[in-house]
Amino acid sequence: MIDMHTHVLPDLDDGAKNEREAQAILEMELAQGVQEVVFTPHYYGKKRSVNDFLEQREKALQKIADRIPEGLKTRLGAEVRLTGVNDPSSDALCKLAIEGTKCVLVELPFTERWNQSLITRLSEFVGDTDYTPVIAHIERYQEVWKNPAIISAFVKMGCLIQVNTAAFLDKKMRKFAFALLKRGLVHCLGTDAHNADTRAPDYAKAKEAAYAAGYGKEWERVQRHMDKIFAGESVCITCEPIHKFLWWYV
Ligand SMILES: [Fe+2]
């Protein structure tokens, strides 16, 4: 299993506070059967240049290098905030791709309206480069709750969709997360782990929940997608759109 979204590197964002906490998170990942973890610290363009960020990320990695448990592979990446205003250029976004892949994990505004320039920035990035935006934790955005059909529009545009493992465990969210899984609208999974306590990795529990709900086959399909992405292969996506009807997803 691959955890494509974590905040393990210390002192970079609101994730692990120190080396000891980073190590604790990684040990939990390994114990849960995760074989590879991507370090995706937040990148907010306004606060620092891409080069400064990459330099600080490398320093943070060096701090924990000897604390990474044996048998656990790791890669560098970033969770890049896009808002439609002063967003990083396509060149900058490419530099922030997950190591060894052409995928860039992007986070969109949670509660604000998604303006046209944000959608344009994403589609220009897809058109200008051979890189793929991966929309982080799709289940967390108000715009998606209002109009879930936007997810398949992102896929049509050339984006991939990441869901947090916690979504399969949350009482309010799990119905939506399973509906996405069923329709082929989940391509990557991440724990979005920030610490070893309140936002700790929960990959094994999410897998258990998916199998218990009868979505084992779909869960394994997502794992195959991630294996392919990490092997540098292209992923063939077949999905159905999702719509909201009253309190149900159809
Ligand atoms: Fe995150």
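Predicted model: local features only at pLDDT ≥ 70, side-chain atom pairs only at ≥ 80, totals over all residues.
Author: Contact here means heavy atoms within 4.5 Å.

Reader: Among contacts between residues at least 6 apart in sequence, what percentage join residues at least 24 apart?

Author: The share is 76% in this chain.

Reader: How much of the chain is buried, and what makes up the accessible surface?

Author: A residue counts as buried when its relative accessible area is under 20%. By that cut-off, 54% of the 250 residues are buried. The accessible surface comes to about 11,600 Å², and carbon and sulfur atoms account for 50% of that area.

Reader: How many positive and negative side chains are there, and how far apart are the centres of the two sets?

Author: There are 33 positive and 35 negative side chains, with the two centres 6 Å apart.

Reader: How do I read a salt bridge?

Author: Side chains of opposite charge can pair when their charged atoms come close. The structure holds 8 salt bridges. In one of them, Asp11 meets Lys63 with an N to O distance of 2.9 Å. Asp11 sits in the loop between strand 1 (2–3) and helix 1 (19–31), while Lys63 belongs to helix 2 (residues 50–64), so this pair ties together parts that are 52 residues apart in sequence. Lys63 counts as partly exposed, because its relative accessibility is 36%.

Reader: Which residue forms a salt bridge with Glu107?

Author: Glu107 pairs with Arg81, and their closest N and O atoms are 3.6 Å apart. Glu107 is in strand 6 (residues 103–107) and Arg81 in strand 5 (residues 79–81), so the bridge ties together parts that are 26 residues apart in sequence. With a relative accessibility of 3%, Glu107 counts as buried.

Reader: What residues do salt bridges with shared partners join into one network?

Author: Start with Asp192 and Arg199, whose side chains meet in a salt bridge at 3.5 Å, N to O. Asp192 counts as buried at 3% relative accessibility, whereas Arg199 counts as partly exposed at 32%. Salt bridges that share partners join these two and Arg140 into one network.

Reader: Now a single residue. Is Ala210 buried or exposed, and what does Ala210 touch?

Author: Ala210 lies in helix 8 (residues 203–212). Its relative accessibility is 0%, so Ala210 counts as buried. Leaving aside residues up to four places away in sequence, Ala210 touches Phe178, Tyr215, Gly216 and Trp219. Ala210 and Phe178 are 32 residues apart in sequence, yet their C-alpha atoms are 7.7 Å apart in space.

Reader: And where is Ile150 found, and what does Ile150 touch?

Author: Ile150 is in helix 6 (residues 150–157). Its relative accessible area is 18%, so Ile150 is buried. Ile150 touches Trp114 and Val144, again leaving aside residues up to four places away in sequence. As for Asn51, 99 residues from Ile150 along the chain, the C-alpha atoms of the two are separated by 33 Å.

Definitions and conventions:
Residues numbered from 1 in each chain as written. Heavy atoms only, no water. Buried < 20%, exposed > 50% of the residue type's maximum accessible area, 1.4 Å probe, protein only. Areas by Shrake-Rupley, 256 points an atom, 1.4 Å probe, with all protein chains shown as cover. Lys, Arg positive; Asp, Glu negative; His and termini not counted. Charge placed at Lys NZ, Arg CZ, Asp CG, Glu CD. Salt bridge = Lys/Arg side-chain N within 4 Å of Asp/Glu carboxyl O. Helix = DSSP H or I, 4+ residues; strand = E, 2+ residues; numbered from the N terminus.
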